[in-house]
Amino acid sequence: MPSASSERTRRAAVLGSPIAHSLSPVLHRAAYAELGLTNWSYDRFEVDEGALPGFVGGLGPEWAGLSLTMPLKRAVIPLLDSISDTAASVEAVNTVVLTEDGRRLGDNTDIPGMIAALRERGVEQVESAAILGAGATASSALAALSRICTGEVVAYVRSETRAAEMRQWGERLEVDVRIADWSGADRALHAPLVVATTPAGTTDALAAAVPARPATLFDVLYDPWPTALAARWSMYGGAVVGGLDLLVHQAVLQVEQMTGCAPAPLGVMRAAGERALAEAGH
């Protein structure tokens with residue numbers, strides 16, 4: 001017989017701005033349904049940095065966890081009791097677990113989510129890698145590569161400011177990072193692993209430069225999908241890991257942390273995400 005605590009209402013949500021596009025509710029609700037967590041709900045709230053302290057401070061005991069997207073991943077840190085080493089490594093929290101005794105624990109599931117998505121495609125370790133872009137997602141990619149890449153990572157960037165940031169992240173994460181100008185980004189496509197972290201449309205011009213026998217591409221976008229680069233990569237027989245793969249794997253870890261139920265239903269969550277994108281015409 002379920003305990004009283006398991007029967008009481010539990011809440012979780014994703015916060016960010018903008019947030020209307022988020023697939024997190026679709027993924028988490030699918031997991032709850034599969035796990036039989038009928039007393040759990042998962043919502044989305046438009047919350048910016050200014051509103052975040054008030055929102056977090058007003059959460060009642062029914063709240064189990066929060067997913068955070070931009071621009072809140074760094075802003076939430078001062079509001080937490082502790083953060084994991086993984087989150088601290090990139091100064092970014094995308095997961096908050098609210099414990100029974102009232103503590104707020106921060107973690108980053110993007111990094112292990114990237115590693116799990118690659119592992120699912122058979123990529124356990126690479127000798128070198130290339131990163132396209134140098135924003136917030138690039139730092140998470142660099143943190144993931146610090147665990148699976150044994151050699152050099154080349155980061156292709158557009159500005160000296162971004163170059164300096166990537167050098168700092170490389171030193172902090174103890175990754176051998178070489179900076180290259182975006183004008184030579186076509187050379188990145190010959191790496192054993194290419195991680196594209198740029199906004200939609202940025203890599204389209206590179207599609208024509210995909211080599212005849214590409215290795216593995218991890219493109220963090222899921223809308224639009226496939227990107228021109230991912231489509232050409234697949235056409236030439238290369239392995240492709242997409243943004244939905246990342247989204248699902250990081251959400252799996254969030255569900256497990258927030259609910260205490262493991263393993264979370266990866267296949268069910270991915271299918272729900274694919275359906276939602278198809279229904280939206282993507």
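Good morning. The model on the screen is predicted, so please keep that in mind throughout.

Let me start with the whole chain. Its secondary structure comes to 10 helices and 12 strands. How compact is the chain for its length? The radius of gyration is 19 Å, and the globule rule gives 19 Å for 282 residues, so the chain is as compact as a globular protein of that length. Along the principal axes, the C-alpha atoms fill a box of roughly 60 × 35 × 30 Å.

As for charge, the chain has 22 positive and 32 negative charges. The mean position of the positive charges and that of the negative charges are 2 Å apart.

Now to the backbone. Most residues other than glycine have a negative phi, and most peptide bonds are trans. Here are some spots that go the other way.

Where are the cis bonds I want to show? One runs from Met 70 to Pro 71, with omega near 5°. Pro 71 sits in the loop that links strand E3 (63–68) and strand E4 (82–83). Another cis bond runs from Ala 262 to Pro 263, with omega near 0°. Pro 263 is in a loop as well, between helix H9 (243–259) and helix H10 (266–279).

Then there are two glutamates with positive phi. Glu 91 is not a glycine, yet its phi is about 50°. Glu 91 lies in the loop between helix H4 (85–90) and strand E5 (95–98). For Glu 174, phi is near 60°. Glu 174 belongs to the loop between helix H7 (160–173) and strand E9 (177–181).

Are these glutamates buried or exposed? Glu 91 has 31% relative accessibility, so Glu 91 counts as partly exposed. Glu 174 has 72% relative accessibility, and the cut-off for exposed is over 50%, so Glu 174 counts as exposed.

Note on methods: Residues are numbered from 1 along each chain as its sequence is written. This is a predicted model: local features need pLDDT of at least 70, side-chain atom pairs count only at pLDDT 80 or more; totals for chains, interfaces and linings use all residues. Side-chain values use heavy atoms; hydrogens and water are left out. Helices (H or I, at least four residues) and strands (E, at least two) are DSSP runs, numbered from the N terminus. The radius of gyration is taken over C-alpha atoms; the globule rule is 2.2 Å times the number of residues to the power 0.38. Lys and Arg count as positive and Asp and Glu as negative; His and the chain ends are not counted. The place of a charge is taken as NZ of Lys, CZ of Arg, CG of Asp or CD of Glu. Buried means under 20% relative accessible area, exposed over 50%, partly exposed in between (1.4 Å probe, protein chains only).
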